[in-house]
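Here is my note for you to read beside the model. Please follow the points in order.

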Amino acid sequence: MSQPGIPASGGAPTGLQAQNGAASASGSLYSNGPVQNALVSSQISVNQGYNSQLPGSYPHLIPAKTLNPVSGQSNYGGSQTVSPLSNYQGPGQTLHRPPVASNPATPSLHSAPVPRMPLPTSHNPAATPMPSGSFLPGANVHPPLNWQYNYSSTGSQTNHCPPASSQPTISGNTNLTSHQYVSSGDPSFQNNFIKSGIASNTNNGSMVVHNSYDEIEGGGFLATPQHTNKNPTMSRSVGYSYPSLPPGYQNTGPPSTTGMPPSSLNYSSGPQGFTQTPLGANHLAASMSGLSLHPEGLRVINLLQERNMLPATPLRPPVPNLHEDIQKLNCNPELFRCTLTSIPQTQALLNKAKLPLGLLLHPFKDLVQLPVVTSSTIVRCRSCRTYINPFVSFLDQRRWKCNLCYRVNDVPEEFMYNPLTRVYGEPHRRPEVQNATIEFMAPSEYMLRPPQPPVYLFVFDVSHNAVETGYLNSVCQSLLDNLDLLPGNTRTKIGFITFDSTIHFYSLQEGLSQPQMLIVSDIEDVFIPMPENLLVNLNESKELVQDLLKTLPQMFTKTLETQSALGPALQAAFKLMSPTGGRMSVFQTQLPTLGVGALRPREEPNQRSSAKEIHLTPSTDFYKKLALDCSGQQVAVDLFLLSGQYSDLASLGCISRYSAGSVYYYPSYHHQQNPVQVQKLQKELQRYLTRKIGFEAVMRIRCTKGLSIHTFHGNFFVRSTDLLSLPNVNPDAGYAVQMSVEESLTDTQLVSFQSALLYTSSKGERRIRVHTLCLPVVSTLNEVFLGADVQAISGLLANMAVDRSVTASLSDARDALVNAVIDSLSAYRSSVLNNQQPGLMVPFSLRLFPLFVLALLKQKSFQTGTNARLDERIFAMCQVKNQPLVYLMLTTHPSLYRVDNLSDEGALNINDRTIPQPPILQLSVEKLSRDGAFLMDAGSVLMLWVGKNCGQNFLSQVLGVQNYALIPQIMTDLPELDTPESARIIAFISWLREQRPFFPILYVIRDESPMKANFLQNMVEDRTESALSYYEFLLHIQQQVNK
């Protein structure tokens, strides 16, 4: 069968443009070649077992939108917008979906000059170069500094259920670079995807090659051809639908969707006859208009008078203004949230608000409770392939109406029985209709091939530079400690490759007395010696694996090899893994210097902050092309960069971005000179090696008819319009998408969004995790502002700004961020406020918007000044694109606490531990005092600043020193003293660390400590050499808004 990710088409890889990562449907490799007929795509079945054919090169992307309807195009993963790919330039290209300018309907992408944050211009031919600055589309053309939220009105798929056909083109960079979410196994794929192999596989004989995954997951709006015309109103959106199911599947009922998460309750308008709890749209009185639930939301605030708006407790997301019966079923905002919790009725209203519309997802998050449905019937809409969920309406016991496309579907006989209550005739009480987040065990039709075994390949740099850092000792020891905890089963396979100027393989064949090393010195034409003995069953060869891990660190201690042939080593690793797929973990300590993929240093320290950051883009497309090949064979590459020297992360990072991997960066790693980095690496490796993992996954995001998704952000490859290819999915990855209102929602009171992630668990089970979110539709600008989620807006803007930095320039991205604030507050002032008062008037929901944007401007990704090394800046941008919102906000706007007076008042009690909860302080030196101690939580680092006059009690009871002068210059641990003060602060710091997947190092900072500058740099409300203070920034915003 073909590989899961790849459609097996034999088509030439036309579609993928190297730059974009998106593959075009048409010839794209991934896509399976153009599918002439929606039903039949090229049927090349790659059924050679796991050996599917390797994807070829990716010549260039085709515009996604253009994709043939059926063929899925593969798009790349950075941010993808849908616009013509062919021009994709850089990763962050925004696709210019048609700007949503004033005329939402306009299909052309960006037809008008939209001054807002220009999407990356060029790359997208379709897009008109936007003026430099804004993110927002449309209507208001500002001076160039804004972003465009490109809501293209037309380009997007309306339904974006699975629109197969028209794929949005991904234009240059699809906008979404940052996180993409497509639901991976969307129902629409239902049949196809499952096999996870290449889509093209005919899995069933009937399967067509079109993205098989596509089909499996479930196709899009018109998934089953025969219904296409039944609902004439759908036809338009159908245009971008996924291909209809392959003939073999046509007559099968949609797999049951039964398990929809109750997240969104979109009750379609229309009678809701059945005795379901009355949650439907008819019960959402328009008069509620949100106000009753948000009394303080109506407050108008003058930020120049009320600057201290930061709450003392963590900021909570706004609660959608829905009937309580619906809201109690809604999806948890930690998993799925929207920038606007009240959706504007039309694109014109959205354009007027000047706020971005998008979703932020954390789809594979570790959950304490997750309902799992093992029923053989997965109930899904026959038209758009949406999974049944809490927001559908039951017309009677035998019929339910889809909340995305409004088609009326029959309730399958098996769904009439509720296994929980053991009662027949209550389909509306099934778990699928009571939970917004749910997981289905997928039957065989959701597979493109038998589920792959867990395969882990480790690729180690063993050049002189690498050996000097001593990293091999830490990594091999972590592997030895966690070998039995690697997710998997009796089929788990493992292998090792090391490289310097040559490539070394290790035969671990059962029966050998010790591992056998095989050296390949021809790096120009890499071949695999003894392929059957290099990836071995972990259980059968465990002793040999342990022997190798114990001896590897000593094998190269005397090496004089200084060269690094990373590219050829990656090619070898890819060839070794391509028959099965799996996870490749690559450890690199320097700039690659030999063979394909060799790079040259290009950082010039004195030009680090020059207006034109020319080195944010890759210097070669080798790593991107290889990543797309990996994605096609279900291989994800995780890069661990341990280097104090410039290593061109902009180029190397592509190997992870497009293959759905992750990047880990440890600057100046050294086992003796930098011991805290050793501790960080060990802690993070433990999480990395033992966390849950999903293989050969796809994700698709669907939304109610009338809404459309046009850009994805995150690490993945967009295979077909809206299908994200995720060879591996991990619980620590986040995604984002940008949306537009393609058709008026005037007859709709609720809209829903559904993400479906189809993956193979480490135990070899095919599963589908579905999240559904339901939100109200509003008709006034005031209601749109009332429901704004300022954290989600800031997170989406950060993703858009990364793309803008890459496709245009860093200064353009900064201007666009500032303009996003100016435009939305100008719109609020001119269209909502009746009396024009002096000052900077903002709605309560956006009271922190200027502060968060100022924090973004000072964040490492976007700051000016020469103190940010290029690789550090690129890594910060990678984090923006790949981190869930909660961690992104913490690194952007750290939390500051006073900790020398912790008490048990208001403390949390968790498992018999008492966790103090000190109030969060504003990030300003005004809040510090020399007689206190303050802890700053900046996400990946914790800094404890101790004032010169700090009380003796804290020094002795917490730090274990008798006076201030005895605090060590470098102190990264607190002693565990037998005092209540020590216990409280250690409990608090441990609790902060437990809540994240990475390990923040703790630095204790005295006044004269070199780390003090880093601590003060995070005081975002204060002025720095190159950035305004918060008050100065507010004055600047006021001046622009009141023009």
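1. Three bridges join strand S8 (residues 399-401) to S9, and the two run antiparallel. Trp400 stands opposite Asn409 in S9. Strands pair if DSSP finds at least two bridges between them. Strands (E, at least two residues) and helices (H or I, at least four) are DSSP runs, numbered from the N terminus.

2. This is a predicted model: local features need pLDDT of at least 70, side-chain atom pairs count only at pLDDT 80 or more, and totals for chains, interfaces and linings use all residues. Residues are numbered from 1 along each chain as its sequence is written, and side-chain values use heavy atoms, leaving out hydrogens and water.

3. The open sheet has three strands in the order S7-S8-S9, with antiparallel pairing. S7 (393-396) and S9 (408-410) stand at the edges, each with a single partner strand, so one side of each lacks a neighbour in the sheet.

4. The axes of helix H17 (residues 810-831) and helix H18 (residues 849-858) come within 10 Å and cross at roughly 175°. Axes are lines fitted to C-alpha atoms, for helices over the stretch in contact, and angles run from 0 to 180 degrees between N-to-C directions. That makes H17 roughly antiparallel to H18 (over 145 degrees).

5. Which residues of H18 make the contact with H17? They are Phe849, Pro850, Val853, Leu856 and Leu857. On H17, the contact residues include Arg814, Leu817 and Ser824. Contact means heavy atoms within 4.5 Å.

Key. Parallel < 35°, antiparallel > 145°, perpendicular 65-115°, else oblique.
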